[in-house]
Every structure is written in C-alpha cells, then in structure tokens.
Amino acid sequence: MPLTIRDLQNYKHQGRIITALTAWDALSGAWVEASGCDVALVGDSLAMVSLGHATTLPISLEAMVHHTQAVGRSIQRPLLVADLPFLSYQCGAEQAVAAAGRFLKETPCQAVKLEGAEPETMAVINRLVRTGIPVMGHLGLTPQSVHCLGWGRQARSAPAQEQLRQKALDLQQQGCFALVLEHVPAVLASELRRELKIPVLGIGAGPDCDGQILVTADLLGLTPSQPPFAKPRLQGATMFKQALQDWCHEQRHQEQTTPPPTASNPPTPGC
Ligand code: KIV
C-alpha cells in the first residue's frame, strides 16, 4: 500500500524524519523505491537532469505526465507526487484543475507540487484542494522563477524572511499538506518547522526540518553541475562513463575468435 498524505503528517507529529527523492523514469523510480524513502517526486528538475534543458521552464505538461507514468510503473510504497510544470497553473484555476487532474487520472500520482504563494497561486491552491487534489507547496528558491530570483540562496534579509514566513502560513491555511523549502537559511527553516502543523521538507535548508528532499541525480553524482547544498554520495557519472569506456575498449581489443570476413570468406547472408 502506498503511503498517504495522512501518513506524512503523522510522521511529523511522531518526530519521524520524512525522506523524499526525485525520479524521472522507470529506472530511477526503481532506485527510489529500493531506497525505502517516503516520497517519490517527479520533479520538473527532470527538464534539466534528463532532458538537457538549462532551466525547468521548457518542460510541457504532456512530458511531465509521460515521465510520471514511467516513474509510476516502479513506485509502490512512497507517496508519488508530480510537479505542475511552468504555465500549467499560473494562467488560472480552471486550467490548473485540468492540468493537475491529468496527473491523478492518467498516472498513479497522489498529489501535485507547485511553486510560490502569490495571491493568484493561493486561489489556484484553494481550488485544487477543494476539487480533492492534494497540493504540496514550494517556497524559497523556486526554479520556475529563476529569471527573477536567480539560483542563489533566498530570504537572506529579515524582511524577506518575514515575507516567506507569512507565505508559508498562508499555504498551510489554503490547505497545502506539506511544504518544500529550498535554499533558505537553516534558522528560518527550523523556525518554520516549529510554527507549521504541516511537514516542512528542506533542500539546502539545513538539518532541522521534518524531512529532507533531494534530486536523486545530484545525490548520485550524475549531474554535470551540483548545487552547493547537494553533496554527491558517489561519482556516478564518472563511474558510468568509465564502465562504458572499458567495455568499448575491451570489445576493440579482445582476441578475435573468428577470422574477419574477407573477399574469399564473405559473411554468411542473413547472419
Ligand atoms: O523539481 C525538483 O526536483 C524539485 C526539488 C525541490 C526536489 O522541486
């Protein structure tokens, strides 16, 4: 049985740390399933990790549904959450319900995540939750706003921290079941963890959160540029490339057991 949003909320109240990892296809989904983590997020970071884009902005709703279906084939225990991509929820509540509804109807995903807490976003969250679609919030570094906010640490000043605190409370009030806090000062995340009833999942937000979330490809050292807060556990890309180079080298240099085809010894047709 997959975990539910109620399970995550109970984990917070029991003081059990929630673990969350991203997946982008059936293979990475199987790694995430095997990790025993609690949440599998089909993050729109897959636009960068798997599709080679420079930001998360270009990925379409269609592509996110497609990747969520693939991940869903590998996921059994974790709560499966999918990111609503850029412009699938910023153009009004009707469109957002239609977009989020596709994940719940066409994939095994149980909830969606969206970024920000502007008044328009609040109206969208309210509508989604009233429609029966659980929503995970995301504040701090919100990559869909990279052209306004950049990739750096957010909420550095006291007024910016106060603003973020208010937004977090508003998201809870609108019915978000959990909140991702990305690349914000640890002390702010720690305070919000205590202030909010819903679980706070940190990424680059210090250790004192209800849970931690990471981009799996960063953890495995598969991405060319790692964010400063994600230390890889292994040099995955280097190991994979080495294994593939070794294989190519071995194939080219292995002893020939059969003589190469010549004019007097042509390859057998059809073989
Ligand atoms: O898209 C993503 O991978 C995210 C991270 C916060 C995990 O949203």
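1. Helix axes here are lines fitted to C-alpha atoms over the stretch in contact, and angles run from 0 to 180 degrees between N-to-C directions. With that in hand, take H8 (residues 158-174) and H9 (residues 186-195): this pair packs at an angle of about 30 degrees, and the axes sit 11 Å apart. Keep in mind that we're looking at a predicted model.

2. Angles under 35 degrees count as roughly parallel, so H8 and H9 are roughly parallel to each other. The crossing of H8 past H9 is right-handed. On the H8 side, Gln161, Leu164, Arg165, Ala168 and Leu169 do the meeting, and their partners in H9 are Leu188, Glu191, Leu192 and Glu195. Sorted by class, that contact holds five nonpolar residues, one polar and three charged.

3. On to H4 (residues 61-72) and H5 (residues 93-106). Their packing angle is about 25 degrees, with 10 Å between the axes. That is why H4 counts as roughly parallel to H5. H4 and H5 also make a right-handed crossing.

4. Who touches whom in the H4 and H5 pair? H4 brings Leu61, Glu62, Met64, Val65, Thr68 and Gln69, while H5 brings Ala99, Arg102, Phe103 and Glu106. The breakdown for this contact of H4 with H5 is five nonpolar, two polar and three charged residues.

5. H5 has another packing partner to look at, namely H6 (residues 119-131). Those two pack at about 45 degrees, their axes 9 Å apart. H5 and H6 are therefore oblique to each other. H5 passes H6 with a right-handed crossing.

6. For the H5 and H6 contact, the H5 residues are Ala93, Glu94, Ala96, Val97 and Ala100, and they face Val124, Arg127, Leu128 and Thr131 of H6. By class, the contact of H5 with H6 comes out at six nonpolar, one polar and two charged.

7. Now the ligand. Which residues surround the ligand? The list runs Thr22, Leu41, Gly43, Asp44, Ser45, Asp83, Lys113, His138, Val180, Glu182, Ile213 and Val215.

8. For serine 45, an N or O atom of the side chain is 2.5 Å from a ligand oxygen. Lysine 113 places a polar side-chain atom 2.7 Å from an oxygen atom of the ligand. With aspartate 44, the atom involved is a backbone N or O, and it lies 3.2 Å from a ligand oxygen.

Notes
Residues are numbered from 1 along each chain as its sequence is written. This is a predicted model: local features need pLDDT of at least 70, side-chain atom pairs count only at pLDDT 80 or more; totals for chains, interfaces and linings use all residues. Side-chain values use heavy atoms; hydrogens and water are left out. Helices (H or I, at least four residues) and strands (E, at least two) are DSSP runs, numbered from the N terminus. Angles under 35 degrees count as roughly parallel, over 145 as roughly antiparallel, 65 to 115 as roughly perpendicular and the rest as oblique. A crossing is left-handed if the near helix is turned anticlockwise from the far one by less than a right angle, and right-handed if clockwise. Contact means heavy atoms within 4.5 Å. Ala, Val, Leu, Ile, Met, Phe, Trp, Tyr, Cys and Pro count as nonpolar, Asp, Glu, Lys and Arg as charged, and the others, Gly among them, as polar. A residue is near a molecule or strand if one of its heavy atoms lies within 4 Å of it. A polar contact is a pair of N or O atoms within 3.5 Å; within protein, one must be able to donate a hydrogen and the other to accept it, and residues adjacent in sequence count only if both atoms are side-chain atoms.
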